[in-house]
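The notes follow in the order I took them.

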Amino acid sequence: MTVLQYPTRLPCGNRVLDLARPQVMGILNVTPDSFSDGGRFHLRDAALRHAEAMVAAGASLIDVGGESTRPGALPVSAEQELQRVAPIVEAIAAELDVIISVDTSTPAVMLEAARLGAGLLNDVRALRREGALAAAASTGLPVCLMHMQGEPGNMQQNPQYQDLLSEVGGFFVARLEACSAAGIPAERLVLDPGFGFAKNLQHNLSLFKHLEKLHEFGLPLLVGVSRKSMIGQALGRDVDQRLAGGLALAALALTKGAKILRVHDVLETVDLVRMLAAVEAAE
Ligand code: 9MG
């Protein structure tokens, strides 16, 4: 495999993401059933205030999602997703100095979000929905391709792998080829192993342990483990007690070379990043 060494400046619409240092992506769910905020930020103003607080805490990206991807979640219509996401993207683009990432697999949402000022497409289905490759290509935006077997609705029903690392790698090979054929160059891609997506606890832990293996693609890695059930299962913690476990995994992900951390707890994660950088900069 050709190893591409990615440029440290990733153009994201009218902004640039500096990948020379780790970046924090704040999660903004605008779904009524959002698993960790109970849908509290459903309303436009509340969502904007939450985004503002995450930017003030140091997030360089805000990931806006209008379709729940929690295990067992059912897909929503493109119209419904658009109704949830578009006003928030528009408001953030008008009010805040931040890169807007849109957590979507839906071509119409990708196109409209890009028109309204989004700078990154975050697709848990890695552009496998019909029309998604063409839509993403036409936006010219970078895309985060995440690994997942099946769909959120059924993904946790006994996920099976013969060789997890090779299968995740093979998935990325196929998606990179599909992107290239659709006119999306590798320089515009970010990879994400998809913790908690069609993986049991042992799959998640093993994938994390061997995260470095994904550097073979020469692309930036995004890691999302914030408040996830892998922390709950490993530590026996409810969703509101997973911060310490999440920070431990965030620190480990950074030492393993991840460049973007997708999190709920932005302030704490930014402190973690700054602390690691302070040690790194010492003699
Ligand atoms: C939307 N979403 C939920 N979890 C995620 C994860 O781990 N990675 C990415 N890229 N998106 C996620």
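I started with the lining of the second largest pocket, which consists of Ala20, Arg21, Pro22, Leu254, Thr255, Gly257, Ala258, Lys259, Val273, Leu276, Ala277 and Glu280. The model is a predicted one. I looked up the volume of this pocket and found about 240 Å³.

Next I sorted the lining by residue class. I got 7 nonpolar, 2 polar and 3 charged residues for the second largest pocket.

Which helices each supply at least two residues of this lining? I found helix H8, spanning 243-255, and helix H9, spanning 266-281. H9 gives the most to the lining, with 4 residues.

I then turned to the ligand. Around the ligand I listed Thr69, Asp103, Asn122, Val124, Cys144, Met146, Asp192, Phe197, Leu222, Gly224, Lys228 and Arg262. By class, I noted that this shell divides into 5 nonpolar, 3 polar and 4 charged residues.

For Asp192, I noted 2.5 Å between an N or O atom of the side chain and a nitrogen atom of the ligand. For Gly224, a polar backbone atom is 3.2 Å from an oxygen atom of the ligand. For Arg262, I read 3.4 Å from an N or O atom in the side chain to a nitrogen atom of the ligand.

How much of the area that the ligand exposes when taken alone does the protein bury? The ligand alone exposes 300 Å², and I recorded that the protein buries 97% of that.

Methods:
Residues are numbered from 1 along each chain as its sequence is written. This is a predicted model: local features need pLDDT of at least 70, side-chain atom pairs count only at pLDDT 80 or more; totals for chains, interfaces and linings use all residues. Side-chain values use heavy atoms; hydrogens and water are left out. On a 1 Å grid over the protein atoms alone, a cavity is a set of points where a 1.4 Å probe fits but cannot get out, and a pocket is an open set with protein on both sides within 12 Å along at least five of seven lines; lining residues have an atom within 4 Å of a point. Grid points are joined across faces, edges and corners, and a volume is the space filled by probe spheres set on the points. Ala, Val, Leu, Ile, Met, Phe, Trp, Tyr, Cys and Pro count as nonpolar, Asp, Glu, Lys and Arg as charged, and the others, Gly among them, as polar. A residue is near a molecule or strand if one of its heavy atoms lies within 4 Å of it. A polar contact is a pair of N or O atoms within 3.5 Å; within protein, one must be able to donate a hydrogen and the other to accept it, and residues adjacent in sequence count only if both atoms are side-chain atoms. Accessible areas come from the Shrake-Rupley method with a 1.4 Å probe; for residues, only the protein chains shown count as cover.
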